[in-house]
Structure formats: structure tokens, C-alpha cells
Amino acid sequence: MKFLTLIGVVALLWLVGLFVFADRVRGLTPAPEPERADAIVALTGPSAERVNAAIRLLEHDKGDRVLISGVNPEVRRRELRALTPGSDKLFNCCVDLGFEAENTVGNAQEIAAWAKSHDYKTLIVVTSDYHMPRSLVLIHSVAPGIKLTPYAVETPSLDNSRWWKAAVTARRMTLEYMKYLAVLGREGLHRLTGKHPERDPVFPGSTATSEASPEKAG
């Protein structure tokens with residue numbers, strides 16, 4: 001009986017945490033106007049809106065440069081530029097592409113290496129609203145000395161306060177919540193053991209290419 005009670009309490013706490021997480025996600029948008037930072041980073045995703053938002057921030061002088069992290073190696077620079085609004089001149093001079101990251105952990109490492117290579121101390125982080133909490137934890141984990149300002153891109157389907165009634169939105173929110181809990185658990189373990197394998201980025205700063213750098217084949 002005590003075991004069943006414990007299971008019930010854990011399940012209730014998990015459910016309450018899910019709704020708290022969802023409320024936090026929904027509160028990230030619309031994103032307030034951020035203060036100027038050293039640079040801007042965008043984590044690639046299912047649409048070009050994250051990249052577009054980062055370029056708009058660059059146009060408004062919210063940072064000196066932009067890193068687009070996690071670009072598909074088969075995507076050429078000119079193809080990505082064609083999908084984004086704004087000045088070609090600005091894109092050519094001040095946008096770097098990172099091709100090494102394959103997941104959010106890789107994004108964090110790629111961002112940390114890039115920021116270190118440029119000696120940046122403050123970053124505006126651009127990603128989708130549901131993806132932002134986990135991204136901030138991971139980036140802060142590998143680059144604890146950098147101040148991060150979130151700039152979340154809205155996911156329209158998650159804006160509904162009854163997100164949990166639709167299977168698609170409920171699944172997305174729940175899956176991201178589970179990933180977020182896993183990241184928190186891993187970070188807690190790192191603190192207990194004093195070991196942090198992701199703390200030293202595996203990607204050299206040169207992985208982010210500028211217009212002057214050769215494009216990857218593809």
C-alpha cells in the first residue's frame with residue numbers, strides 16, 4: 001500500500017511539473033526586446049523562423065555576429081542565405097555557420113567553442129519556445145561564465161492554453177519535458193561527481209565558417 005502511495009505521489013509531482021513546465025514555455029513568447037549582447041546564436045530546427053529571428057536581431061544591432069548552429073552539412077551557405085530576409089552584405093560579413101552539432105548537446109558545445117574563440121561574454125539565444133529551457137541548461141552547463149538571454153520563437157500550436165487536449169501538442173510538450181528532466185538529472189549527477197565530460201567543447205572554434213571560408217561539399 002505504501003508503495004502504491006509513493007507511486008501516486010511521484011506521478012502527481014510529475015504531472016504538476018509538466019504543467020509548470022508548459023506554463024513556463026508559453027510565457028516565453030512573445031519574446032521581449034533583448035538588451036544588446038556580444039553576439040547572437042540560433043539553434044537550427046524544423047523551420048527557418050529561428051534563423052530569421054536571429055538575423056532580424058543582427059539587423060537591429062543586438063549583437064556583433066550570429067552563429068547558426070547545427071546546419072545540415074549538405075546545405076550550402078547561399079541556399080541558407082536565400083531563405084533568410086535582410087541584407088546580403090550583413091549576412092556575408094557577420095554570420096557564421098556551424099556544421100558539427102547533431103543534437104542539442106552538440107549545439108551547446110559548438111556555441112561554447114565559438115563564443116570562446118571570439119571571447120564573447122554575453123549571448124542572445126534564439127530557439128523555439130518549447131526548446132528554450134533545455135537549451136539554456138545545456139549551454140550554461142558547458143559555458144558557465146557566459147550570460148545568456150533567451151529570445152524564444154513562438155510555436156503557434158502550443159499557444160493554446162488547452163494544449164493538453166490535442167494529441168500532437170500534448171506529445172510535443174510531454175516529450176520535451178522528459179528531455180528537460182533528463183538534462184537536469186544529468187547536470188545534478190555532474191555536480192555530485194565533480195566530472196563534466198561536456199565542459200571542454202569537442203568542436204574547435206574554426207568549425208563555424210564565415211563567407212571567406214570554403215563551403216562544405218554537398
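Close-up 1. Cysteine 93 counts as partly exposed because its relative accessibility is 40% (buried means under 20% relative accessible area, exposed over 50%, and partly exposed in between, using a 1.4 Å probe and protein chains only). Cysteine 94, by contrast, is buried, with a relative accessible area of 13%. A disulfide links cysteine 93 to cysteine 94, with S to S at 2.4 Å (a disulfide is a pair of cysteine sulfur atoms within 2.5 Å). The structure holds one disulfide. The torsion about its S-S bond is about -75°, so the disulfide of cysteine 93 and cysteine 94 is left-handed.

A word on the model you are looking at: it is predicted, with local features needing pLDDT of at least 70 and side-chain atom pairs counting only at pLDDT 80 or more, while totals for chains, interfaces and linings use all residues. Residues are numbered from 1 along each chain as its sequence is written, and side-chain values use heavy atoms, leaving out hydrogens and water.

**Close-up 2. Strand 4 and its surroundings.** Strand 4 (residues 122–128) is largely enclosed by the rest of the structure, because six of its seven residues are buried (strands are DSSP runs of E, at least two residues, and helices are runs of H or I, at least four, numbered from the N terminus).

**Close-up 3. The parallel partners of strand 4.** Strand 1 (residues 39–43) runs parallel to strand 4, joined by four bridges (two strands pair if DSSP finds at least two bridges between them). Here alanine 39 has leucine 123 of strand 4 as its bridge partner. Seven bridges pair strand 4 with strand 5 (residues 147–153), also in the parallel sense, and leucine 123 stands opposite leucine 148 of strand 5.
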